[in-house]
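Colleague: I have a structure to go through with you. Please take it step by step.

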Amino acid sequence: MKSATFGYLLLAALGLVAPFLFYPVLVMKVLCFALFACAFNLLLGYTGLLSFGHAIFFGTAAYVAGHAIKVWELPPLLGLLAGTAAAGLLGWAIGSLAIRRQGIYFAMITLALAQMVFFLFLQASFTGGEDGLQGVPRGTLFGVVDLADDRNLYYFVLAIFGTAFWLIHRTIHSPFGQILKAIRENEARAISLGYDVAKYKLLVFVLSAALAGLAGATKMLVFKFATLTDAHWHMSGEVVLMTLLGGMGTVLGPVVGSSLIVILQNELADKVGSLVTVIMGAIFVICVLAFRRGIVGEMAAFHKRLLGLKA
Amino acid sequence: MTEIFGIPIQALMGQLMLGLVSGSFYAMLSLGLAVIFGMLNIINFAHGALYMMGAFLAWMGLEYWGVSYWWALLLAPLTVGVVGVVIERTMLQWLYKLDHLYGLLLTFGLALILEGLFRDLYGVAGQPYTIPDELSGAINLGFMFLPKYRVWVIVASLTVCIATWYLIEKTRLGAYLRAATENPKLTQAFGINVPLMVMLTYGFGVALAAFAGVLAAPAMQVSPLMGSNLIIVVFAVVVIGGMGSILGSIVTGLGLGVIEGLTKVFYPEASSTVVFVIMALVLLVRPAGLFGREK
């Protein structure tokens, strides 16, 4: 327990000094995707549900928040909340359909429904179609803090990430989280123990969708625009990859995985062009074939083995 | 001019025909997915990418080596089938004992690799593929012109689908296949080489996708993205039909193609989403799918 607390404190310290060491916008991007992956991991890692349409929650929240801030002129915090709520609502709609089937079908249904909403966005006028929703002002927080400044915005984003991460951590370690794990391990037994599995699945789906939305809305605020890329199935694949690479079902895995992927994409974007997709695909294949526990999962297993040898 | 519901009959028949054409592709692809899922317990996300690869092989054959359409129709599926066998032997065979999700993730990675490679080589713009002379032009039916190539696509894909159905349901090889799907261990104990059959099933399934790709090449532009756009709709088709029955896949595929075509006539805005809406309705009314059995 003590080493875990120490680890979190170290991460928090790193988060506080990061904008002085790296380009703040890049770190904010990392934080947004880390939150996205953590929200996704709640579903895949802890409940065993593979949603292949999570980008739609990320993208929807970005559009709604952007629209609320730009057109309705809401303050940034309310805009983010509006985006999060919209993603949660959409999560409720998609989730209640998708949980009617299990396993592989669940993945296909979420992918198909997300694609349906994607097509709606493509046609709708408020999304700006192919151009996206551009020029969203960052505004001021509580009317005092000017978020146009990258450092100010950075600490706001860090606070959002910290709160959401704490919420996810609490969820995982609560009785609710234990029931989710029971569903992952043996759904039939969870039902026979008297748990209303469908209710738990839907609840965690909505929570995961809303938090994915919070991540998308925050990313929109950082970059001041929302585009179809955020809602595309490629993005859904990316969040799966981040979680898989870092380690599904580990608390820190998605953070590690998303940091690596975002930095990798950032480094490679100018050098290899469309071959980035090929590299992402190759990482997928290697992860599935060689280390399914992901980086954090493998490290934890290695640590356990070391302790086992010592004892 | 004759009209039905205020729509000229020629436009209606034209869209119906186009709907049958895309329905043929849905049928062939969902059939391949169902056959592969039955044997390997894997949803082949790379199916769309391999369909795209089939179309590209046909295009490359004609462009670089002067391989005719008819030879491409044979050679592209064979090549992709061999690629499939290699994928099965080197990667998929290690996943059978694991959760189904890993198969989906691995084939998703493969789809990204294939799509990325072709995009890097040829860009996202489509490449035109000319219809072979024998099939170009149209038949005059009096009330409408029927493009020959569309008729050919429907006939060819229906033939292939029905041949596959016959192979699986009516022949001895098919009986082995069904036995191995039901209970691999017992089938193996009867002296049937199940791993070999699994390998060939995957090869056959993806060859079917490549065949569809070659058929699609002259009908639409050959583009690296053609597969991924299609595969998501095919997933919805599979959810609607369920993967339990082969004839079910064929009927569902064709039917949804027709519905999509008619939607283009009556309410064009919804044509790209209608299949997904039907999927949502089916999930509400009959979660196991039209031809599916709840396990």
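Modeller: Two residues are in contact if their C-beta atoms, placed from the backbone, lie within 7 Å. Keep in mind that this is a predicted model.

Colleague: What share of the contacts in chain A with a separation of 6 or more comes from residues 24 or more positions apart?

Modeller: Contacts with a separation of 6 or more are the ones counted here. In chain A, residues 24 or more positions apart account for a share of 76%.

Colleague: What radius of gyration does chain A have, and why compare it with a globule?

Modeller: Chain A has 311 residues, and a compact globule with that number would have a radius of gyration near 19 Å.

Colleague: How far apart are the end C-alpha atoms of helix α12 of chain A?

Modeller: Helix α12 of chain A covers residues 275–290, which is 16 residues. At 1.5 Å a residue it should span 22 Å. The distance between its end C-alpha atoms agrees: 22 Å.

Colleague: How many residues of the side of chain B that touches chain A come from α4(B)?

Modeller: The contact takes 35 residues from chain A and 32 residues from chain B. On the chain B side, α4(B) gives the largest share: 16 residues.

Note on methods:
Residues numbered from 1 in each chain as written. Chains lettered and ligands numbered in written order. Predicted model: local features only at pLDDT ≥ 70, side-chain atom pairs only at ≥ 80, totals over all residues. Rg over C-alpha atoms; globule rule 2.2 N^0.38 Å. Helix = DSSP H or I, 4+ residues; strand = E, 2+ residues; numbered from the N terminus. Expected span 1.5 Å × (residues − 1).
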